[in-house]
Amino acid sequence: IPYVGQQSLLDQAMPPNLLNYWKADFIEGMSDDLIRIAVEAHSRIPSPRSSILFFPIHGAASRVAPDATAYPHRHGIHMGIYSLWEDVLENEPNIAWVRDTWTAIQPHTAGGVYVNELGDDEGDDRVRLAYGGNYPRLAKIKARYDPDNLFHLNANIKPEPTGAARR
């Protein structure tokens, strides 16, 4: 499937201008317990637009060394829990559904998250998981090119706090 075609697969299922909340993690594989958790969670979705999606990481992405780029997660399965809804009065049950489902899958996670799947409420530990062992190298680069952390929004990599990196 061509790249543009792949990128548009979810356009109709996840149209713009809806309220949304999501959380994601990497899992090593599909176990009976994880499938049970996903089926049970899906049976109680508060919005028919919500979904749980599994994206296997293979092909070209898996042939790149984890430290060759900022993105280290080169195997396993990306699992995303997505809720989409229209009415602000539905915020609480939709957000709770995502958080409860995400909590239930934690025993099955492999450690790590795709950085574009991080929300504002994730915290520094989750940012570090997104970059894995590459985080220290990226923090050194950030210290050199953005020592004052001007670009600090979203999943921020904090500049390494050493004077030596400011050359």
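**View 1. Ser50 and the residues around it.** Leaving aside residues up to four places away in sequence, Ser50 touches His42, Ile45, Tyr82, Ser83, Leu84, Asn94 and Trp97, where contact means heavy atoms within 4.5 Å. This is a predicted model, so to speak of local features pLDDT has to be at least 70, side-chain atom pairs count only at pLDDT 80 or more, and totals for chains, interfaces and linings use all residues. Residue numbers run from 1 along each chain as its sequence is written, and side-chain values use heavy atoms, with hydrogens and water left out. You'll find Ser50 in the loop between α2 (32-42) and β2 (51-56); helices (H or I, at least four residues) and strands (E, at least two) are DSSP runs, numbered from the N terminus. With a relative accessibility of 5%, Ser50 counts as buried. For the record, buried means under 20% relative accessible area, exposed over 50%, and partly exposed in between (1.4 Å probe, protein chains only). The side chains of Ser50 and Ser83 are joined by a polar contact of 2.8 Å. A polar contact is a pair of N or O atoms within 3.5 Å; within protein, one must be able to donate a hydrogen and the other to accept it, and residues adjacent in sequence count only if both atoms are side-chain atoms.

**View 2. Salt bridge between Arg49 and Glu86.** The closest N and O atoms of Arg49 and Glu86 are 3.0 Å apart, forming a salt bridge. Arg49 lies in the loop between α2 and β2 and Glu86 in the loop between β3 (77-85) and α3 (91-105), so this pair ties together parts that are 37 residues apart in sequence. Glu86 is exposed at 58% relative accessibility, while Arg49 is partly exposed at 33%. A salt bridge here is a side-chain nitrogen of Lys or Arg within 4 Å of a carboxyl oxygen of Asp or Glu, and by this rule the count is eight.

View 3. Asp33 and Arg36 sit three residues apart in helix α2, about one turn of the helix, and their side chains meet in a salt bridge (2.6 Å, N to O). Both ends are partly exposed, Asp33 at 33% and Arg36 at 48%. Asp146 and Lys142 also pair up, at 3.8 Å from N to O, and both of these residues are buried. Elsewhere, a network of salt bridges links Lys23, Asp25, Glu122 and Arg126.

View 4. Leu34, Ile37, Ala38 and Ala41 are the buried residues of α2. They cover an arc of only 95° around the axis, which puts them on the same side of α2; the arc is that of the directions from the helix axis to the C-beta atoms. Their cover includes β1 (19-27), β2, β3 and α3. On the face turned away from the buried side, α2 carries the exposed residues Asp32 and Val39.

**View 5. Two asparagines with positive phi.** Asn149 has a phi near 60°, a positive value in a residue other than glycine, and Asn154 likewise has a phi near 60°. Asn149 is in the segment after α5 (135-145), and Asn154 is also in the segment after α5. Asn149 counts as buried at 19% relative accessibility, whereas Asn154 is exposed at 71%.
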